[in-house]
Amino acid sequence: MASLPAKSQVKNQTLSRSERADDIARLKAELHLPSLEYVDVSALLELSRAQKRWPLLADFAITGKQSSSPVAQPVRQGKFGALK
Amino acid sequence: MTSLSICGVRGGVGTTSLVAALGHALESLGERVLMIDLCPENLLRLHFNLLDSQDSGWARAMLDGQDWHKQAWSLKPFLQLLPYGRLSAEETMSIEQQLLHDPQIWARRQASLAAHFDWLLFDVPQRLPGHATLGPCLLPIQVAEADAACHVLLLQQAGNNPVLVNRFDPGSQLQRDLLLIWRKHYAARLLPMKVHADEAVREALAFKQSVGQYAPDSLAAQDALSLATWCLARRRELT
């Protein structure tokens, strides 16, 4: 049976399941940049929509660190230098 | 020997069918399994065509002064079932009092079974704390349906036990939304697989079988097999 190299398996155990399935989390781990500020805006928006879609879920919203979207305003155009 | 319990976040989420499906799946992977029905409804036996055993069981034996361990039924060489037995409501409360008075009862029983089984699977009832008091349990799984009631109850209960989503319907917007929220919030608590809604589970009981026996190719039977494989992997990690 094919198996991952031992080194990679040990590393994977230190990541949570969601991190293993998360390319960005893997990249942070590989590059040793745990503090890299990367916000998956689409995922957060999807989460925010899911909570707002159902009134009871909005009442019983989970107040985790990232449960609300940080994007209260539309993303500024030109932030990444696309517009001059 | 590893103990695993399955208890609903609320009633009616399908724990008994899951115990039957998981017992069948673990046995099919070569494990020695004893399923123990802790629920006074005494329904687990019906998944294995044990109509004759409606009276006997561990709780009945406790009341009648008989040996609890002689009440188990051998279903396959490596698959056994210990029913609850038929009790009146008053008798069940008497057992509840005994279990509350001596909370180590199941810990001692688990120890005495250790040499004979790889897995003890407990079907745990709602709102009977004495009945739900077990000895060491490596995998105390809580079962939820992806609905608003389970969402509120999970928030209120604030435990740390693994959560398994049962009867998942990927076509439901609400269920997809809840799973998204739960995955974010509960992260590692949420089991990596879910058991899909599948009519085969209901049909299996009507045929007096577990879903793995009745419809081995059904989605729910495959999910139960995934769950069994996950259990084996967790046992390796945790022990």
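Gly212(B) sits in helix α8 (residues 211-214) of chain B; helices here are DSSP runs of H or I with at least four residues, strands are E runs of at least two, and both are numbered from the N terminus. This is a predicted model, in which local features need pLDDT of at least 70 and side-chain atom pairs count only at pLDDT 80 or more, while totals for chains, interfaces and linings use all residues. Residues are numbered from 1 along each chain as its sequence is written, and chains are lettered from A and ligands numbered from 1 in the order in which they are written.

Gly212(B) counts as buried because it has 26 C-beta neighbours inside 10 Å. The cut-offs work like this: 20 or more other C-beta atoms within 10 Å of a residue's own make it buried, 12 or fewer make it exposed, and anything in between is partly exposed, with C-beta atoms placed from the backbone. Leaving aside neighbours within four places in sequence, Gly212(B) is in contact with Ala21(B), His24(B), Ala25(B), Ser28(B), Ala221(B) and Ala224(B). Contact here means that the C-beta atoms of two residues, placed from the backbone, lie within 7 Å. As for Ala200(B), twelve residues from Gly212(B) along the chain, the two C-alpha atoms are separated by 9.4 Å.

Next comes helix α1 (residues 15-28) of chain B. α1(B) is mostly covered, with 13 of its 14 residues buried. After α1(B) comes Gly30(B), with a positive phi near 90°.

Now for the core. The largest nonpolar core has 68 residues, and those touching the most other members are Ala21(B), Leu22(B), Leu121(B), Val211(B) and Ala224(B). A nonpolar core is a set of buried Ala, Val, Leu, Ile, Met, Phe, Trp, Tyr and Cys residues joined through C-beta atoms within 7 Å. Not counting residues up to four places away in sequence, Leu22(B) touches Leu121(B), Ala224(B), Leu227(B) and Ala228(B). In soluble globular proteins, nonpolar side chains tend to be buried together.

Leu121(B) also belongs to one face of strand β5 of chain B. This strand (residues 119-124) is mostly covered, six of its six residues being buried. Trp119(B), Leu121(B) and Asp123(B) lie on one side, with Leu120(B), Phe122(B) and Val124(B) on the other, and both faces are covered. β5(B) pairs in the parallel sense with strand β1 (residues 2-8) of chain B over six bridges, and Ser3(B) has Leu120(B) as its bridge partner in β5(B). Strands count as paired if DSSP finds at least two bridges between them. Strand β2 (residues 33-37) of chain B pairs with β5(B) as well, in the parallel sense over five bridges; here Ile36(B) is bridged to Phe122(B).

Ala158(B) has a positive phi near 45° despite not being a glycine, and is located in the loop between α5 (148-157) and β7 (163-166) of chain B. With 6 C-beta neighbours inside 10 Å, Ala158(B) counts as exposed. Ala187(B), also not a glycine, has a positive phi near 40° and is found in the loop between α6 (173-186) and α7 (199-206) of chain B. A compact globule of 239 residues would have a radius of gyration near 18 Å, and the 17 Å of chain B agrees with that; the radius is taken over C-alpha atoms, and the globule rule is 2.2 Å times the number of residues to the power 0.38. Along the principal axes, the C-alpha atoms of chain B fill a box of roughly 50 × 35 × 35 Å. Of the 239 residues of chain B, 45% are buried.

Chain A has five helices and zero strands, and 2% of its 84 residues are buried. The contact between the chains takes 15 residues from chain A and 14 residues from chain B. On the side of chain A that touches chain B, α4(A) gives the most, with five residues.
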